[in-house]
Amino acid sequence: MATALDQIETAGGIAVPNFFNGRILSAEDLRMVMAADRRHRTLVGRALGPGIADGLRVSRASGSSVTVTAGVAVNRHGEVLDLPTDLEVRVAGTGAIGTSAGPAGTAFSDCGGSSPASSTSNAFLLTVRPDSIETGSAPADPYLTGASCGPGFLAEGVRFRRVPFDPAFLAGVLADTQTPGLGSASPRSRNVVSHLFLGSGPWTAFSDVATAGDVDPDLELAHQLLALQKCEVPLAVFYLQGGSVAELDEWAVRRPCRAATGDAGGLASFTSPLRAAAGTAAYLQFQAQLAELLSSTGPSGGPRLATHFRYLPAAGILPAACIGSPGTITDFLGGTPMPFFTGVSASAWNKAERPVRSARVEGILRAGAEQPPIDLVTTRGLPLTVVAVQDSLVRSEPYAVFVSAHHPYRERIDLDLLMDRLAAVEPVVDEEPFVTVAMQTDELWPTESGYRLLVTYRVTTNVNERFLLEPRARKRSSVPYAVSARMVDEDGATTRDLQVGPNILTVEYRLTIGGVHVFDERRADHEEGDVTRSIAGEEEGESIVVDKQPSGVIIRELESGAARLPQFTFGLEVSLLSDSTVTAKAAFLYALP
């Protein structure tokens, strides 16, 4: 049945007991209050969205344990879980599978699932869920309960679970079977498995462009394949080898809280917050794994792209050890070897000839989070480009950034390369002399008597000779202004030697109000309010009004009772002294603000 307008709909709503004097209370009533309060909190949690709100960082503690820092997260039910202190969690060996210290409570939804005692796989997903148990005791009336006491408290806490999975099966379902040996605890397996959870594989081509109905927008498909419960929040992926944690990667599954729009389908999925979060996680996954490889002292000689990675973020940072610690941009572009790219085909990467300033690095990394990751197997995003950071070379702490072929900064790199090549082309000198003039910039300042306008011109010629420079200034209407123009620099000389190529010249234009100086302060003999003053030489019926304003003098022309903007034509004419037919000029119309 349809609901009528202005009618309160309570079906499925939250029912809260109503208290009044004389009402008989029971435990059921108080439990309903607690349940209503929990449901109100889950509504807030659902509005915030599932994910990690703060903390809950995972790192290796000992051979069979990991450390989880204090933090807060929200599960898909909207339930908030809180770990108030750092905790060491045993994930393998004796004592890894615990038992509850008491009867299960009812503070949170029971979604089932437990950690298996044994597994044929050595790859696991670490999750956390909120849970509660009944503790303590409280006296009770035996006549009503049949017992002299009952549980005194409902203690809320968290419960960790390890979920085994087969990386090869996961890769096969996700159409990513081109990386052998995923079951081994190796850096390359860690990188590939992490990107299975990041959804880095290409989306299925869709046939209906209007709805994109064939697209699977869920970047957490791997979570579904592992049958994760809605009450669980994934924290990290880890490998066990010989009963110890060999590889651990939290950024494979760690996601921030997101609103429900993060699960949008169809065309909306291309701009979902979850995709941006996955892009950021891909960058953090790479940097964390790279840092661990740099800190280890294995026989491999440091991190290698061909050995340790298949996927890279669309933008990332390479420290000095990865790029050979160049001292100058010449070293960077020259013979300094880059250990990170050892064994990688020369067609898969290149170096940018121009460095980038460190102030632009943050923007490059942020833009990279919005692009698909680089895939060395399918060659998506290749060739990648490595760019030296200029400030780091000066400080003798060199590092570089890399970007994929899809990154927006790649267009800037290509444009810089094109401009450098054009600049290196020898100009063709025309036998006939010529000159061109083009305006470049203009700046306007108010003065006590009017305005001052500075204009720069770009004058290009193919001869080294002396030229005549004639600035032009003209009123476009009968406004009460006097206009003048003069060359700036070299004492205002109107003849000047110009060099072959571009020459930058500056002209100053002065706009003076009819020879009368108008200041911000009114004269004592003027009355309050607008002052109208006739200007010598102005046409009949024209006048100028000076308004007292906090921002200074505002000048307007009044013509037949209607205000209009004063307009002027400014320009510069340049001609060759030895041949007046070789001439050029630039002019533009200017209206006062």
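This is a predicted model: local features need pLDDT of at least 70, side-chain atom pairs count only at pLDDT 80 or more; totals for chains, interfaces and linings use all residues.
Let's call a residue buried when its relative accessible area is under 20%, and exposed when that figure is over 50%.

Helix α10 covers residues 361–368. Its buried residues are V361, I364, L365 and G368. Look down the axis of α10 and those buried residues fall within an arc of 95°, so they line one face of the helix.

Now zoom out for a moment. The chain has 593 residues, and buried ones make up 39% of them. It contains 12 helices and 30 strands. If you take the contacts between residues at least 6 apart in sequence, 67% of them join residues at least 24 apart.

Next up is α4, residues 187–197. Here 9 of the 11 residues are buried, so α4 is largely enclosed by the rest of the structure. The buried set is S189, R190, N191, V192, V193, S194, H195, L196 and F197. Just after the helix, G199 takes a positive phi of about 70°.

One of the neighbours of α4 is α6, residues 273–295. The two helices pack at an angle of about 170°, with their axes 11 Å apart. An angle over 145° counts as roughly antiparallel, and that makes α4 roughly antiparallel to α6. On the α4 side, the contact is made by P187, R190, N191, S194 and H195, while α6 brings A282, Q285, A288, Q289, E292 and L293. Sorted by class, this contact has 4 nonpolar, 5 polar and 2 charged residues.

Follow the chain on past α6 and you come to P303, in the loop between α6 and α7 (305–308). Is this proline buried or exposed? P303 has a relative accessible area of 3%, so it counts as buried. Leaving aside residues up to four places away in sequence, P303 touches L290, L293, L294, H308, C322, P339 and F340. As for F340, it sits 37 residues from P303 in sequence, yet the two are 6.0 Å apart in space, C-alpha to C-alpha.

Note on methods: Residues are numbered from 1 along each chain as its sequence is written. Side-chain values use heavy atoms; hydrogens and water are left out. Axes are lines fitted to C-alpha atoms, for helices over the stretch in contact, and angles run from 0 to 180 degrees between N-to-C directions. Helices (H or I, at least four residues) and strands (E, at least two) are DSSP runs, numbered from the N terminus. Angles under 35 degrees count as roughly parallel, over 145 as roughly antiparallel, 65 to 115 as roughly perpendicular and the rest as oblique. Contact means heavy atoms within 4.5 Å. Ala, Val, Leu, Ile, Met, Phe, Trp, Tyr, Cys and Pro count as nonpolar, Asp, Glu, Lys and Arg as charged, and the others, Gly among them, as polar. Buried means under 20% relative accessible area, exposed over 50%, partly exposed in between (1.4 Å probe, protein chains only). The arc is that of the directions from the helix axis to the C-beta atoms.
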